[in-house]
Amino acid sequence: MICDDDEGILDLLELVLRDEGYETIPEINSLNVAQIVDREHPDLLLLDLWMPVLSGDQVLRTLRDNPATRELPVIVISASNDGRSIAMNAGATDFVSKPFDLDKLVNQVKNLINGTLD
Amino acid sequence: MDSLNKGEFKFSNDTYKQDFELLTKALDASLSGIIITDNQQPDNPIIYCNRAFEQITGYKRSEIIGHNCRFLQQEDRDQPVRSKMREAIENGSDLVVDIRNYRKDGTLFWNELYMSPIRDSKGRVNYFIGVQNDITRRKKAEDELKANQVKMERRIEERTNNLRENEEYLSSIVQTVRESLVVLSRDLNVLSVNDHFIRTFKVSREETEGKKLYDLGNGQWNIPELKKLLEQILPTNNPVTDFEVTHDFPHIGRKLMLLNAHRIELEGQYKDRILIAIEDITDRRAIEQRKDDFLSIASHELKTPLTTIKGYVQIINRLTAHYSDEKLKSAVGKTSMYVERLNNLIGELLDVSRIQAGKIELHKEPFDFDQMVREAVEGFSQGSRSYQITISGQTNSNVNGDESHITQVVTNLLSNAVKYSPDHKTIHVHLSVVSDYVKLAVTDQGVGIPRDEQNKIFDRFYRVGDIQQRFPGMGIGLYICAEIIRNHYGTLWVESEPQKGSTFSFTLPMNKSEGGTDAR
């Protein structure tokens, strides 16, 4: 699952991950994330940090508070410089700064998904 | 002398001559000049003078006897005291006057003259006795004293005027500055405040001056931070500058004040007075904050589409991997290079704002310094193929620091070297170990930097003189570099000569746990 308030990023990530053979659920509104995660049980969440209304770290905290999603691997992606510490404090599994390198990102996704499947 | 009887001289016929001689000798031994004038004769001639009178006046007895006293005044006849003397002679009274007399050789002497009449049994004045003392020296001393006094008084007046002028001058400065000033006594009573203080804190002079600082305006100055400054910091750290106090003031609301405090240490009436200059920086700080926020948001917003562009360029790269069209490949390669450059520029803007706010975030981890430099040079060379960048030396050391930031510094120094060496295509990088520091030097043969500009180039937004026209740029790269190196406890400096080139060097402390001091 991918959540970013920027459509361009959503499209790009969908394109790349589908190419790698993953199914993707794009979501532009951070308010819907918890509900969709609950319903669809994604293997991994790519989460933007700086989003209107509900920020990525708030979404993350909600997920971490819920026993069902506490272990969900979440990669936080942000263009903000404080991003890393905010993300890690909120319980992110990994952090990627924007602009990112697609190959590296895909590797991180692979590692985390394979890790959970093992 | 047996003629002395009950305090009076008695002359007997037996001893008359002897006694008279004794008295004459006594008169001659006197240091005061003594004369007797006969007032029964016309023009009161002198009928007796002693030896001292001869010595004082320089005249011989033969030149004195028979003359009126006035010969001593020579041509100086208009002295006011003379009328007093004439009066005393007419009235037959005593008189003491200071009169200017002249010796035989014409020199002036001040004569303190005591005149005393001698009356006969019927009360008629028959004789006058004149006792003269040469008081020239005393007079001179008195005159000098008087002159000095006058001079002194004039000087005091000048000084007083000067002081008054100074005071007025200083006070006009104090009243004009756009900063609030308070003068406190040793026990923290407000002695005076300037107009700006009155205006800023919306108080009156009456309710302020003469009051205890902490009691002012319902205790609005009873601020723990201020108390700490005045009672704990100032006594041992004088003066204190740029001390920030945030406080909710009754009339003007929550303000951020910047304080400079100075305790007078000079011995004297002002010792231990405390001067406090207060600047309201609430607005300034808010504007800075807004600027930082703006830069932060702007860079975030710019990075988002850039991320997408970078991603698609990567996808295009992948899609064209098996194409053999070199032009297309080169175009895509250049696109990705310039995307990277744009990204760096945005990053720099944000860095400046963060450094300003003191919020630079470093993720320090030990890394291989030589390898980092090699990679940075290699990466940079990709985009500047017309330049030859050589590396010499090695450190064989690890550095504990934020590798990406240090890489940024190396890249920035390289790009400056290239940018300012349009005609010389060689850049040299040298690595070395100095004491327990690693050192990197980037040398170019470019346009160089004039000596007086060399320190300023590390300032924010500073661009060297006419450089702006020929080499566009924001003037923030070196500022960021210097701050990054400083935050790693190293230094960044430049040695340069115009038209010969520049060498930018930095040092960083080696990772102690590595024990790399004897590497090389």
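Leaving aside its neighbours within four places in sequence, which residues is B:I485 in contact with? In this predicted model, B:I485 is in contact with B:V409, B:G490, B:T491, B:L492, B:F506 and B:L508, once those sequence neighbours are set aside.

The buried residues of α14(B) are B:G477, B:L478, B:Y479, B:I480, B:C481, B:A482, B:E483, B:I484 and B:I485. Just after this helix, B:Y489 takes a positive phi of about 65°.

In soluble globular proteins, nonpolar side chains tend to be buried together. The largest nonpolar core here has 36 residues, and those that touch the most other members are B:V409, B:V410, B:L413, B:L414, B:C481 and B:I485. At least two residues of this core are supplied by each of α11 (369–383), α12 (403–419), β16 (426–434), β17 (437–443), α14 and β19 (501–509) of chain B. Apart from this core lies another, of 35 residues, which includes A:L10, A:L49, A:W50 and A:L105.

Among the contacts in chain B with a separation of 6 or more, 53% are between residues 24 or more positions apart.

We turn now to the interface, where 15 residues of chain A are in contact with 16 residues of chain B. Helix α1 of chain A, residues 7–19, gives the largest share of the side of chain A that touches chain B, namely five residues. By class, that side of chain A has nine nonpolar, three polar and three charged residues.

Two packed helices are described by the angle between their axes and the distance between the axes. For α1(A) and helix α9 of chain B (residues 282–319), the axes come within 9 Å and cross at roughly 25°. Because angles under 35 degrees count as roughly parallel, α1(A) and α9(B) are roughly parallel to each other, and α1(A) passes α9(B) in a left-handed crossing. From α1(A), the residues A:G8, A:I9, A:L12, A:L15 and A:V16 meet B:T304, B:P305, B:T307, B:T308, B:G311, B:Y312 and B:I315 in α9(B). The residues of this contact divide into seven nonpolar, five polar and no charged.

Key:
Residues numbered from 1 in each chain as written. Chains lettered and ligands numbered in written order. Predicted model: local features only at pLDDT ≥ 70, side-chain atom pairs only at ≥ 80, totals over all residues. Contact = placed C-beta atoms within 7 Å. Helix = DSSP H or I, 4+ residues; strand = E, 2+ residues; numbered from the N terminus. Nonpolar A, V, L, I, M, F, W, Y, C, P; charged D, E, K, R; others polar. Buried ≥ 20, exposed ≤ 12 C-beta atoms within 10 Å, placed from the backbone. Core = buried A, V, L, I, M, F, W, Y, C linked by C-beta atoms within 7 Å. Axes fitted to C-alpha atoms, helices over the stretch in contact; angles between N-to-C directions. Parallel < 35°, antiparallel > 145°, perpendicular 65-115°, else oblique. Left-handed = near helix turned anticlockwise from the far one by under 90°.
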